[in-house]
Amino acid sequence: MSGYFGSEEQQRLQRQAEANADLFDKTPGACQTGRTMGCDDPNKLGWDRVAEFLDRDGICGFRLLSTNQADQIGARLLGQDYRFDTWDVFLASRAAALTAAEAILARGLPDGLVELDRPTDPESKYIKQIQGLMNAAGVVPFSGSLLTGALGPATTSVIGDWDGEIVAAAHCYLPHNAHSPYHRYAWGGLVAVLESQRGRGLGNYINARMVVSAFRDLDATHIYELVSATNVSSRKMVAASGLRLEPTLICGVVAANRGARFTR
């Protein structure tokens with residue numbers, strides 16, 4: 001597996017996540033967050049194991065926690081050394097999301113733009129261009145192996161011009177294993193639009209394409225996306241595809257106090 005991208009620390013964490021793909025797939029309470037070790041139920045995984053991840057990596061991702069579980073993180077893990085950066089969860093069922101997203105796709109793309117092939121080679125120039133677009137948009141990308149689905153069901157949607165220049169991309173995959181109540185929930189994100197192409201509706205379109213792919217290609221029952229409380233434009237974008245704020249669920253990253261927020 002390969003196709004690492006970003007700073008030395010980001011690549012180290014990507015390698016760690018890939019090396020533990022089997023653990024994420026088989027261990028109750030573990031999940032694949034793409035960039036770090038991941039957990040969707042710390043009680044099942046074990047708080048001692050979560051603490052081991054933090055001691056080794058200085059960071060751990062959490063997905064679809066209840067508000068009670070999020071409160072436990074504050075009580076058990078935080079303090080002088082760590083903080084909990086959170087994102088709001090926007091969620092939709094298959095029917096609601098497909099109705100909204102396919103209506104967006106039916107409007108088509110602006111003149112001169114087309115949907116490009118999905119990447120298949122984790123180490124290709126194409127995948128590095130996609131990762132570069134995401135990084136330029138302030139989004140820490142996944143490794144090439146994850147973006148191409150080499151580690152599990154996933155799709156990366158891409159828009160470009162007639163010359164093949166990439167102008168927008170997004171990704172979805174299934175993070176949760178068979179032990180999780182969210183086993184068939186797809187995560188959608190890594191939405192990025194080239195700065196010179198913003199304001200043309202490409203964010204809505206590429207997000208809608210990714211949402212449709214989650215259901216048509218990955219056979220998900222639901223899709224969720226994570227958006228910070230202050231990111232007004234992204235909140236409008238995900239809502240346009242039928243997702244709605246789910247206040248009973250929280251996602252986030254426990255990270256060292258000394259560092260910046262891990263991703264947008």
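User: How many bridges join strand 7 to strand 8?

Analyst: Strands (E, at least two residues) and helices (H or I, at least four residues) are DSSP runs, numbered from the N terminus. Two strands pair if DSSP finds at least two bridges between them. Here strand 7 and strand 8 run parallel and are joined by 4 bridges. Y185 stands opposite H222 in strand 8.

User: What should I know about the origin of these values?

Analyst: The model is predicted: local features need pLDDT of at least 70, side-chain atom pairs count only at pLDDT 80 or more, and totals for chains, interfaces and linings use all residues. Residues are numbered from 1 along each chain as its sequence is written, and side-chain values use heavy atoms, with hydrogens and water left out.

User: In which sense do strand 3 and strand 8 pair, parallel or antiparallel?

Analyst: Strand 3 and strand 8 pair in the antiparallel sense, over 6 bridges. V89 stands opposite L226 in strand 8.

User: In what order do the strands form the sheet?

Analyst: The sheet is open, with 9 strands in the order 1-2-9-3-8-7-6-5-4 and mixed pairing. Strand 1 (38–39) and strand 4 (113–116) are its edge strands, each pairing on one side only. Strand 4 runs antiparallel to strand 5 (residues 154–161), and 4 bridges join the two. The bridge partner of V114 in strand 5 is G160.

User: Which strands does helix 9 lie across?

Analyst: Two terms are needed. Contact means heavy atoms within 4.5 Å. Axes are lines fitted to C-alpha atoms, for helices over the stretch in contact, and angles between N-to-C directions run from 0 to 180 degrees. Helix 9 (residues 202–216) lies across strand 3 (82–93), strand 4, strand 5, strand 6 (166–173), strand 7 (185–193) and strand 8 (222–227), at about 30° to strand 6. Helix 10 (residues 232–240) lies across strand 3, strand 7, strand 8 and strand 9 (244–256), and runs at about 170° to strand 8.

User: Which residues touch the most other members of the largest nonpolar core?

Analyst: A nonpolar core is a set of buried Ala, Val, Leu, Ile, Met, Phe, Trp, Tyr and Cys residues joined through side-chain atoms within 4.5 Å. Buried means under 20% relative accessible area, exposed over 50%, and partly exposed in between (1.4 Å probe, protein chains only). The largest core has 33 residues, of which I159, V211, F215 and I223 touch the most other members. Helix 9 gives the most to this core, with 9 residues. Apart from this core lies another, of 25 residues, among them V89, I130, A137 and A169.

User: What does I159 touch beyond residues up to four places away in sequence?

Analyst: Its contacts include L113, V114 and L116, as well as I166, V167, Y205 and I206.

User: Is W87 buried or exposed?

Analyst: W87, found in strand 3, counts as buried because its relative accessibility is 7%. The C-alpha atoms of W87 and Y205 are separated by 22 Å, the two residues being 118 residues apart along the chain.

User: What is the radius of gyration of the chain?

Analyst: The radius of gyration is taken over C-alpha atoms, and the globule rule is 2.2 Å times the number of residues to the power 0.38. The chain holds 10 helices and 9 strands. Its radius of gyration is 18 Å, close to the 18 Å that the rule gives for 264 residues, so the chain is as compact as a globular protein of that length. Buried residues make up 56% of the 264 residues.
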